[in-house]
Amino acid sequence: MACPHNPTEAIVADQKAQLDFSESMSYGDYLHLDEILGAQKPRSAEHNEMLFIVQHQTSELWMKLMLHELSAAIKCVANDDLGSAFKMLARVSKIMEQLVHAWDVLATMTPPEYSAIRPFLASSSGFQSYQYRCIEFSLGNKNAAMLKPHSHRPDLLAQVQAAFEAPSLYDEALRLLSRRGLDVPASHTQRDWTQAYVASDGVEAAWLQVYRNPKAHWDLYQLGEELTDLEDAFRLWRFRHVTTVERVIGFKRGTGGTGGVSYLRKMLDVVLFPEIWTLRTNL
């Protein structure tokens with residue numbers, strides 16, 4: 001019986017909330033919380049290793065959702081269903097915002113705190129994230145060398161390979177422009193999708209037609225701006241990664257063997273949708 005002097009118990013009783021889950025599914029059952037919350041296995045006795053693990057595990061969960069949305073958006077663009085694609089791409093951009101802010105939490109780890117756990121990471125590194133690689137490939141940053149870190153896991157390699165060989169979001173956007181009658185060079189609508197994208201004056205000219213007459217090409221104009229939002233968010237995510245790594249480890253080499261900050265800074269120069277940016281100068 002609820003205590004009459006406990007207002008919280010009275011509220012719960014008044015709402016007739018279900019309290020017995022011995023024969024029905026609970027919140028924890030639905031979300032498999034036992035498995036998720038039991039997946040943090042620190043290898044050291046250091047207090048701060050839990051932060052490092054949770055940071056990266058939650059980032060992988062967000063990336064799982066990002067891939068779910070991004071893969072569906074690419075299919076929608078391929079099928080001329082831009083309304084659905086816009087909703088999904090807007091969600092991807094918001095997920096990237098979450099990942100940007102996640103670096104703020106990791107940045108509370110000081111260099112001595114990270115140095116204490118670094119030996120326990122061995123050669124493991126975010127550089128090896130297969131989900132991140134699928135995201136990059138889906139956004140058009142193709143690099144065959146990045147298949148190699150997953151060769152020891154045929155199941156994961158198959159997923160990364162599929163993203164590597166498929167048309168990227170931008171490839172499908174350009175194919176859509178072509179289907180709408182815009183003069184996109186065949187070299188950019190019928191090509192080897194595993195090759196890195198090369199900017200084209202012809203592609204920029206096609207986008208310029210859209211941006212100079214948005215009323216006549218309204219959904220394509222919206223698509224261009226969704227792509228702009230997406231790359232803007234992706235740049236911020238990568239930039240915050242660089243600054244956090246520099247803050248925590250300085251210019252030490254990464255655990256995965258890269259140059260660390262020097263490698264990440266070079267990645268900042270990669271432009272995913274180049275003509276979407278260069279056309280602004282010529283409007």
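**Exercise 1.** How much space lies in the second largest pocket?

*Solution.* This is a predicted model, in which local features need pLDDT of at least 70, side-chain atom pairs count only at pLDDT 80 or more, and totals for chains, interfaces and linings use all residues. Residues are numbered from 1 along each chain as its sequence is written, and side-chain values use heavy atoms, with hydrogens and water left out.

Step 1. A pocket is, on a 1 Å grid over the protein atoms alone, an open set of points where a 1.4 Å probe fits, with protein on both sides within 12 Å along at least five of seven lines; lining residues have an atom within 4 Å of a point.

Step 2. The second largest pocket holds about 320 Å³.

Step 3. Of its 16 lining residues, Ser71, Ile74, Ser138, Ala163 and Ala166 lie nearest the centre.

Step 4. H4 gives the largest share of this lining, 6 residues.

**Exercise 2.** Which residues of helix H6 are buried, and where do they lie on the helix?

*Solution.* Step 1. Helices are DSSP runs (H or I, at least four residues), numbered from the N terminus. Buried means under 20% relative accessible area, and exposed over 50% (1.4 Å probe, protein chains only).

Step 2. In H6 (residues 111-121), Tyr114, Ile117 and Leu121 are buried.

Step 3. Down the axis of H6 these residues fall within an arc of 80 degrees, so they line one face of the helix.

Step 4. The face turned away from the buried side carries the exposed Pro112 and Pro119.

Step 5. Ala122, which follows H6, has a positive phi, near 55 degrees.

Methods: Helices (H or I, at least four residues) and strands (E, at least two) are DSSP runs, numbered from the N terminus. The arc is that of the directions from the helix axis to the C-beta atoms. Grid points are joined across faces, edges and corners, and a volume is the space filled by probe spheres set on the points.
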